[in-house]
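Me: I've got a protein model open and I'd like to learn how to read it. Can you walk me through it?

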Amino acid sequence: MKRKAAFLFLILTLVLLLTGCWNRKELNELAIAVGMGIDKHGDQFRVSVQVVNPGEAAAKKGAAGGAPATLYTAEADTVFEAIRKITTISPRKMYFSHLRICVIGESIAREGIAKALDLLSRDHQFRTDFYIVVSKGTSAEDTLKIMTPLDPIPANDLYSALETSERNWSPSMTVTLDELITALTSEGMQPILTGLQIIGNTEMGESNKNVQTIAPPARLQYSGLAVFRKDKLIGWLNETESRGYNFILGKVQSSVGFVACPQGGKVVTEIIRTQTAIKGSVNRGEPRIKVKMQVEANVGEVECQGLDLTKVSTIYELEKKEEEKIEEIMKSAVRKAQKSYKSDIFGFGEAIHRANPKTWNSLKKNWDREHLAELPVDIKVDFKIRRLGTIGSSFLNDMKE
């Protein structure tokens, strides 16, 4: 009898444990969110979620004619409440595991982004592989309304464009949630995010006309880097300063730049490899930073006559000019951070911390506002030209006037 009771108890226990996927969600019950925008409207958060429209996204071109994605927007006292409030206008619950891009509105960025980010780092649905950018001169909601021609889902277009821009052009950069939170909580480094702006006619960009013409009325463009102090946006770096920032941090994978020829015109070089080292030191209580950068490049374009690229002296002269120009670009970014914003976006404080923790403890309290502005930063660039392309000297030398 006891054995039968024990067996029955075991069966009941297994029935309770093996209940299957008790919290399962069917695909047709979920709205796949790929883009998210957070703005501030008065005292409330305005959350916009770009959701894939599966039927239109999978349909062949011209089959249905509808938008491949739709945008839901709601306002509430908190971000979480606003997301749940979207269910009042959406037949499906938002699902964020496939989020590609999160756009922070410039208005909320100037007030502080930390509160808005807590949900993204806490909720299990949010992975850490999506990118975070800041809308520039417009709201996050408006940027997510613009239709994109090459990729029918705008959030995917923004994700790919940011990665491509970072790999091939130096003023923009990708920042994930983990990287942003690390910078927010660091004592010797301030956060920075890429800016996103709308160029052209915003109203027409929200309609199908934006993907039906060869020259879309509106486009989304990454422009400059947003400078933060703690979690508040305090200003922007222009394109040149943004390049300087990425040069200093060694984030430039490839880029293009030019120097002037002695007799007029330009020589364009394509950077193929960079390596940067930031070293801090303290001498008699005075901190100092040394930035050493090695650059390898190929000659990409010659727009001047009388330049003999087969001579070693010509290559040497070009390398020296490139070194001076890149050093000046890097110095312009340092000047902007030191004098205009007083924000250590380069992590110089962390370098001083690594070099001399004891001195850092006495400097860190007023590092950004006092010590950073007077910090000596020595920049040295070593530029090497590796290849000239498929020809040596340009055929422009053989052309007669």
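Reply: Let's begin with a term we'll need: a residue is buried under 20% relative accessible area, exposed over 50%, and partly exposed in between. Keep in mind that this is a predicted model. As a case, Asp382 has a relative accessible area of 28%, so it is partly exposed.

Me: Which residue does Asp382 form a salt bridge with?

Reply: The general idea is that side chains of opposite charge can pair when their charged atoms come close. Here the partner of Asp382 is Lys384, with 3.9 Å between the closest N and O atoms. Lys384 comes out at 32% relative accessible area, so it counts as partly exposed.

Me: How many salt bridges are there in the whole structure?

Reply: A search of the whole structure turns up 16. One of them joins Lys232 to Asp231, again with the closest N and O atoms 3.9 Å apart. Try the cut-offs on this pair: Asp231 has 16% relative accessible area, so it is buried, while Lys232, at 39%, is partly exposed.

Me: What about Glu141 and Lys145, how far apart are N and O there?

Reply: Their side chains meet in a salt bridge at 3.6 Å, N to O. Look at where they sit: both are in helix H6 (residues 140–145), and because they are four residues apart, about one helical turn separates them. Glu141 is buried at 11% relative accessible area, and Lys145 is partly exposed at 30%.

Me: Now the nonpolar side. Which residues form a nonpolar patch on the surface?

Reply: Look for Phe7, Leu10, Ile11 and Leu14, which together have about 370 Å² of accessible area. Leu10 belongs to helix H1 (residues 2–17), and its relative accessibility of 46% makes it partly exposed.

Me: And if I zoom out, what is the secondary structure of the chain?

Reply: You can count 15 helices and 13 strands. Along the principal axes, the C-alpha atoms fill a box of roughly 100 × 65 × 55 Å. Of the 401 residues in the chain, 45% are buried.

Technical notes. Residues numbered from 1 in each chain as written. Predicted model: local features only at pLDDT ≥ 70, side-chain atom pairs only at ≥ 80, totals over all residues. Heavy atoms only, no water. Salt bridge = Lys/Arg side-chain N within 4 Å of Asp/Glu carboxyl O. Helix = DSSP H or I, 4+ residues; strand = E, 2+ residues; numbered from the N terminus. Buried < 20%, exposed > 50% of the residue type's maximum accessible area, 1.4 Å probe, protein only. Patch = residues over 30% accessible without salt bridge, like charges linked within 9 Å, V, L, I, M, F, W, Y side chains within 5 Å. Areas by Shrake-Rupley, 256 points an atom, 1.4 Å probe, with all protein chains shown as cover.
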